[in-house]
Protein chains: 2
Amino acid sequence: MLNIGIAGFGNVARGILAAVEKWPDVSVEMVWTRRPEQVEKELKEQSIFIPTQDSKNFSLPKGINIDVVILCGGSKKDIPVQGPKFAEHFNTVDSFDTHKKIPPYFAKMDAIAKENNNVSVISAGWDPGIFSFMRLLGSAFLPQSRIYTFWGKGISQGHSDAARKVKGVKDARQYTIPIEEAIQRVRNGETPKFSTREMHKRLVYVVPENGADEEKIREAIVTMPDYFAEYDTKVIFITEEQMKREHTGFPHGGFVLTTGTTGKGDKNRQIFEYGCTLTNNPEFTGGVLIACARAAYRLNEEGKSGAFTMLDIPLGLYSQYSDKDIQRRFFM
Amino acid sequence: MLNIGIAGFGNVARGILAAVEKWPDVSVEMVWTRRPEQVEKELKEQSIFIPTQDSKNFSLPKGINIDVVILCGGSKKDIPVQGPKFAEHFNTVDSFDTHKKIPPYFAKMDAIAKENNNVSVISAGWDPGIFSFMRLLGSAFLPQSRIYTFWGKGISQGHSDAARKVKGVKDARQYTIPIEEAIQRVRNGETPKFSTREMHKRLVYVVPENGADEEKIREAIVTMPDYFAEYDTKVIFITEEQMKREHTGFPHGGFVLTTGTTGKGDKNRQIFEYGCTLTNNPEFTGGVLIACARAAYRLNEEGKSGAFTMLDIPLGLYSQYSDKDIQRRFFM
């Protein structure tokens, strides 16, 4: 039985708890949170230890044993602080996803985890994570290939937050939508250089404040640099009731397409495509992080320490099955 | 520069040579073959050493250095004999694909490779190989998932050979075709139990001998046990010219679909799909085997020995890039 601790209680933590119920080999033993009373209320039917102290306290009560801590906080403020602290005391898994800061974060976690004989799997999930390794495989297996990543249709938290900050907006949710024609061109073997606008579009559902100027809101959103200006963005105004009824889910997904040619005169086109269609992104991510926790524990048991990305881990270590079972089951 | 030797010269060996031209980090230095004169003729413009002795002779001429030997023979007769012999002297990669015999073959290769401090990557390619790891990932990331593998549209050598043995058949090529409706049902989130007939159909192009009874040939093919009887099989008679013109390629491909549910009441359906569309199967397989050769060499350089499947290897080792580059490139 793999004993997991969770640091930070939000949607991904809830996703882990939902996933754990279906895995007989995994159990959540402890949750570190800044809101122990609320979390205790939410988890009242589950026997999970929730320390009332803040997350600086790493002493475990008698009878509780933690093999791996999964860090479920945000990449901006939580993980950069919590990662190094937890890596001193535990094997860790996190989904740090500020892409450009991954190399320095890796170096920092590697040093701390090594010093304390722990394993830290960083930047895990589906992107970065599964999508990273699909890009790597495409690049390693198909010479001089071109790799395209499309995201969606799905909710982007960052873009929803950005739209919510516009004056006159009471609530907003943003869907990232891949452009079907672009995907089809790549599937057909073309290797276009797409502009940002040609790969994705954005759809924002907005609940305006009473009496707000809808045209002004629309203009402020579609021209917002970094978030919307480079895309074709559509803004749809809805009521609070509609928002609650139709837009509270966490759908997401995407595709990694790799296309290359082989043979004389590059005449043989080879395409390889990975895609996922997720009805609930945090619950899927929870499953991936649990698989990474298995791997972190096994690597540590093998005597390894330091930081690992999902590209550094033999795939078999993610599995709920043993080596022998793996050969029998997956080489079918 | 990674120096590769090839044992056995057929379509996959030609695929490796086609792929190597596009990889600046890899070079083919030597080919062991039972037909040295013919192969020498075919490779006349490339400086590749071809020993005239048979493959029992493993001494290398001066100036030739081999890091990894890729075994390109068949799984039935060649690899089970050549694998253990080559593993005594070299790191090896093979695509042994007799699924049920993989565990004992692994055990044998593991013992020999360990004894000789070599690394042997066995059963590599796209299935077994890439498809095996997509099945494993589906199983590890999605709790209690169902996994479906569809193959095609593509040429099956084994089924083509079986059809060729029917009396009155001069030549035959068989296409395995996945049934689109079945794929769509899984993509839509259903989890049916398919019969063999519901997942794939078979299409056989036959050139009959002069005066042969076409109806008898058709009947003999579609009722052939193990190969065709369990499928809806269509036989189309064509001329030798048509066969040459339209059916000399090596297309193949397929899909691994994993579907599972998460959350309360299993209400959130999560689907994940990998697919490849290959215009030339042996050239793609060649690329995968080269990536495995990189991994075999690196594992051995790290001090490891024994047998490995693609599920035992950290993905980064397949890449033409170094660790630092990998983080920068694929965690984008």
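Which residue in S12(B) is the bridge partner of A:Ile271?

## Strand pairing across the chains

In this predicted model, the bridge partner of A:Ile271 in S12(B) is B:Thr277. Strand S12 (residues 268-278) of chain A and S12(B) pair in the antiparallel sense over nine bridges, where strands are DSSP runs of E of at least two residues, numbered from the N terminus, and two strands pair if DSSP finds at least two bridges between them.

## Symmetry

Chain B can be laid on chain A with an RMSD of 0.0 Å by a turn of 180° and a shift of 0.0 Å along the axis, the superposition being by least squares on the C-alpha atoms of residues with pLDDT of at least 70 in both copies. That is the relation of a two-fold axis.

## Extent and contacts of the interface

Contact, defined as heavy atoms within 4.5 Å, joins 67 residues of chain B with 67 residues of chain A. The area buried between the chains, that is, the accessible area (1.4 Å probe) lost on putting the two parts together, summed over both, is about 5,900 Å², of which carbon and sulfur atoms give 63%. In chain B, B:Lys22, B:Phe141 and B:Phe331 lose the most area to chain A, together 15% of what that side buries.

Two salt bridges are counted between the chains, a salt bridge being a side-chain nitrogen of Lys or Arg within 4 Å of a carboxyl oxygen of Asp or Glu; the side chains of A:Lys22 and B:Asp266 meet in a salt bridge at 2.6 Å, N to O.

## Basis of the values

Residues are numbered from 1 along each chain as its sequence is written, and chains are lettered from A and ligands numbered from 1 in the order in which they are written. Local features need pLDDT of at least 70, side-chain atom pairs count only at pLDDT 80 or more, and totals for chains, interfaces and linings use all residues, while side-chain values use heavy atoms, with hydrogens and water left out.

Conventions
Helix = DSSP H or I, 4+ residues; strand = E, 2+ residues; numbered from the N terminus.
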